[in-house]
Structures are given as C-alpha cells and as structure tokens.
Amino acid sequence: MSVREDPQAQPVRPTSEDPVAAAGSELIGGPAGRRALLGTGWWTPVRIVAIVAIGMFALGMAQKLPCYDGGWFYGATAQYTHACYSDIPHLYNGRGFAIDLVPYFDRIPDSVSGGMQYLEYPVLTGLFMEVASWMTPHGGSIQDREQIYWLVNAGMLMVCTAVIAVCVARTHRRRPWDALLVALAPAFALTATINWDLFAVALTAAALLMWSRSRPLAAGVLLGLATAAKLYPGLLLGPLLLLCLRAGRLRAFWTAAGGALAAWLVVNLPVMVSTQGGLHIRDGWKTFYTFSQERPVDFGSLWLIISQRTGNPLEDVNTYGTVLMVLACVGVAALALCAPRRPRLAQLSFLIVAAFVLTNKVYSPQYVLWLIPLAALARPRWRDFLVWQACEVMYFLGIWMYLAYTGSGDQHRGLPAEGYQLAIAVHLLGTLYLCALIVRDALVPERDPVRQDGSDDPGGGVLDRAPDAFVLGEARSASRYEGAALVDWGVHRE
C-alpha cells in the first residue's frame, strides 16, 4: 500500500516540512537525514517528548524559587515583581487543608478564608488538593507546610505533564514530534504550578487520545472526569456532536456523551446531594457554580478593558459574555457543517475553547494550559505557535507587573492600568491570530499542515476518512462528497 493510501505508513519529520523546526534543529546537529532510523531504539519520539516536557516543567519550578524562599510569605509585592505567584501555597491554609477540613462538607471559618465559606473548585480538583494535603506533613511551621504542600502538588502536576506530553504525541500516530510544541511551550512552563489546571488538561488529553483510537466510551468517561475537574472540557462535546452529525457517526457521539455524563455523576453525586434534613443540593458543592456566576469582571478579560476605560462596572457582563459565546458557537457550527471538507476534531476543539477564553469575564494566566495541547494538534507550525506563545508570555508578565503596581501604594512600582490593558489586548490578538489560521485551514484544507500528506483527521477516530452524511451550504453539491470515503488533499512528500 502506498503512503498516499496509508498516511500512517511513515512518521512525519517536522524538519522536512517546517522551516522554523529545521532552523531550530541546527542546535542539535541539524535535520535528520532521509535514511535516518527514527524511533528504533530506546529513544523513541514519545519518550523524548516526555523527558523534554518534564525538563521544562522543572525549569518552571526553578522560576518559582524567589517565591519559595520568601516571596509567598514576605513582602507585599515580591511574588509579583518576581512573576512567581502561585495559588497553591496560599490556599493550603486559606481553604482549610492545614486544619484538616473536608472540602465541600466542612464550612471554612471566615478568619481562615477571608469570606469564602467553601472550596470554590470542582469536585475532582478538590480531591486532587485533598490528596496532596494528606501527603503534606502536619508538623512544623505553617510556612514549612505550605512549601511542602506546593512541592507535593508540583510532583503530582509533573505526572500530569508527562501524561499530557505522551497523549499528545500519540494522538496523531504519524506526528509524534508535534508534541514538542507542548513540551517546549514557554507559557506551559511558566504557568504549570500556578493552579491545578494541569489535572483537567491531562484528563482531556487522554480523552482525545482515546477518541483517536476509536474508543468513544473511554473517551467520554475521561471527558466527564475532566469536566468534574474543570468546566471547560465539557465544551468539547459540542465539536464532537457536530462532526459526528456530519459524518453520520451519532452512535459514537451518544456513547461518548453517555460515558461523560455517567462519569461526571459518579464523581459529583456523593458530594452534590445531601439527605440531612431532606434531599437537597449541598451548599459546598454549589460554591464553584455560584462563585463563577456571581464574580464580577476580573483580570485578563476583554470586559476589564471596557470597564476600566469607561468606568462602567458592567454588571450585566454574564449576559454580554453569553451572547458572544453563543455567536461563537454558531460560527463554529457553521464551519463544521459548511466547510468544503469536514474540519478536524482538534481544530474545532481549539476554536470552541478559545471562544470561551476570549468571551469569559476572567482570564487567569494558567488558562493558556487549556489551549496549548489543542493548538499543537490543531496547527502544528512552530512560527505561528511561537507568535502566540510570545503574546501569552507578555500577558503573563503584564498581570504580575500590574498587581505589583496596584500593591505598591504610592511607590507605583510596576505596570499601570493602561499598560496592563495593552497586555490583555496582546493576549486577545494572539489568540485570535491562531484562531484565524485554524479557520483558514478548515476552509482551505490544502493549507492544513496535518493534511498536506493526504491524511484526513488522524485524531478523529471513527471520523477519520468517513464519508459525509449531512452537509450544509455549497459543500452539499461538491462532487467529493458523492460517496467518497477517502480524500487526497495534500502533496505527497518523501
């Protein structure tokens, strides 16, 4: 069988198709030759990617050293001026883990939490935090315990990093080296230990790997668990529905959706429902959802720029954000059903999560972790990826310098509001830039790096090379859909 008939016959060498990758490879001896035997020894691409990812994670930990040595505990703005802030040590005591309170069941004293009565994270993230607290010794000063708690969490998050790297490397069988985009992403290293988002990202990456292997039930279960750790993974069910509708694979979608719902309920029901004094929803479980609904315009969002520039607190921001998100979803649906060729799952997944990020009323710096694995799968091109990453690094520095400015009193050391608004704008434009490229790739499949060798959707599982069953717009009359299961888009490359 020829390479064009079987796009998974040979691994793709990024140095042969990406000029930036080829130039970067000069640091380690230059591009591999055509006759090089890649992946035949212990040093397989997946293992190399995982080791690089762990190494970058360790560098990110080292970047937090000024805070570990005192910035988290002394000085009003030291953790901001050194750009090494993390929620993890602060919430060890601030959410009652230091005094053995059980998340969602025990009310946190106001003297400890500053007014937050219960843990404001989804259930599976709360379990992650609780497990880390079990492994944290309860002797010594609170500072020592907070430092150890951060180290324990960092170790657990490092495991999540390795899982993400392996899953991304294995999702597109012929393109394991694309996962180096994740492993070497500067924003990944800088934000990995700010919060617990990597746990949900790892579960989501595993779900996409299972879907690529045509295992919709396993993918659904993992996606449900990811949604129980962070809300955003549930958005991926939308692209799955649209693509399965277009391909006539709705049975696979309902299998995945059923598995996701079942897994989410298994995790949440024991915490959600209380039978004391009658059947009702537990206040501790509701806190994440009520907090998300009631929080005002916050850091990093488009709405903060508008609010600061106009002086309007935007009390109806939930309505504005919802309207924009709905419009974005309509746009993604139109792309899914009207594009000349069915878009790839990674493309639509990136677009829907990016739409949520862009329209949300808050953008914490670690939210970039949600997008990095999807970006590596959706558009594996180093130039565009690094342009976006540069924008995210600028935002990462911008928010800490702004907090240093607002926390330094009359000294005003840091970045004023106008400078921070510019950093937000850079983040928004960088994300929109990558979205625009992905939309173009979907509309002009010949420009899609993944499809240039004749592949269809190597991460699509049951969708890969499936003929279309439901198409809207001009694509309905295209001859390529008249029962054709295989489509040759790209140009054969040796």
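**Cysteines and a helix pair in a predicted model**

User: Is cysteine 329 buried, partly exposed or exposed?
Analyst: The model is predicted, with local features requiring pLDDT of at least 70 and side-chain atom pairs pLDDT 80 or more, while totals for chains, interfaces and linings use all residues. Residues are numbered from 1 along each chain as its sequence is written, and side-chain values use heavy atoms, without hydrogens and water. Buried means under 20% relative accessible area, exposed over 50% and partly exposed in between, with a 1.4 Å probe and protein chains only. The relative accessible area of cysteine 329 is 32%, so this residue is partly exposed.

User: Is cysteine 160 buried or exposed?
Analyst: The relative accessible area of cysteine 160 is 7%. Cysteine 160 is therefore buried.

User: Which cysteine is joined to cysteine 67 by a disulfide?
Analyst: A disulfide is a pair of cysteine sulfur atoms within 2.5 Å. The structure holds one disulfide. With an S to S distance of 1.9 Å, the partner of cysteine 67 is cysteine 84.

User: What is the handedness of the disulfide of cysteine 67 and cysteine 84?
Analyst: The torsion about the S-S bond is about 75°. The disulfide is therefore right-handed.

User: How are α3 and α9 oriented to each other?
Analyst: Helices are DSSP runs of H or I with at least four residues, numbered from the N terminus. Helix α3 (residues 45-63) and helix α9 (residues 142-171) pack at about 150°, an angle taken from 0 to 180 degrees between N-to-C directions of axes fitted to C-alpha atoms over the stretch in contact. Angles over 145 degrees count as roughly antiparallel. The two helices, α3 and α9, are therefore roughly antiparallel.

Notes
Angles under 35 degrees count as roughly parallel, over 145 as roughly antiparallel, 65 to 115 as roughly perpendicular and the rest as oblique.
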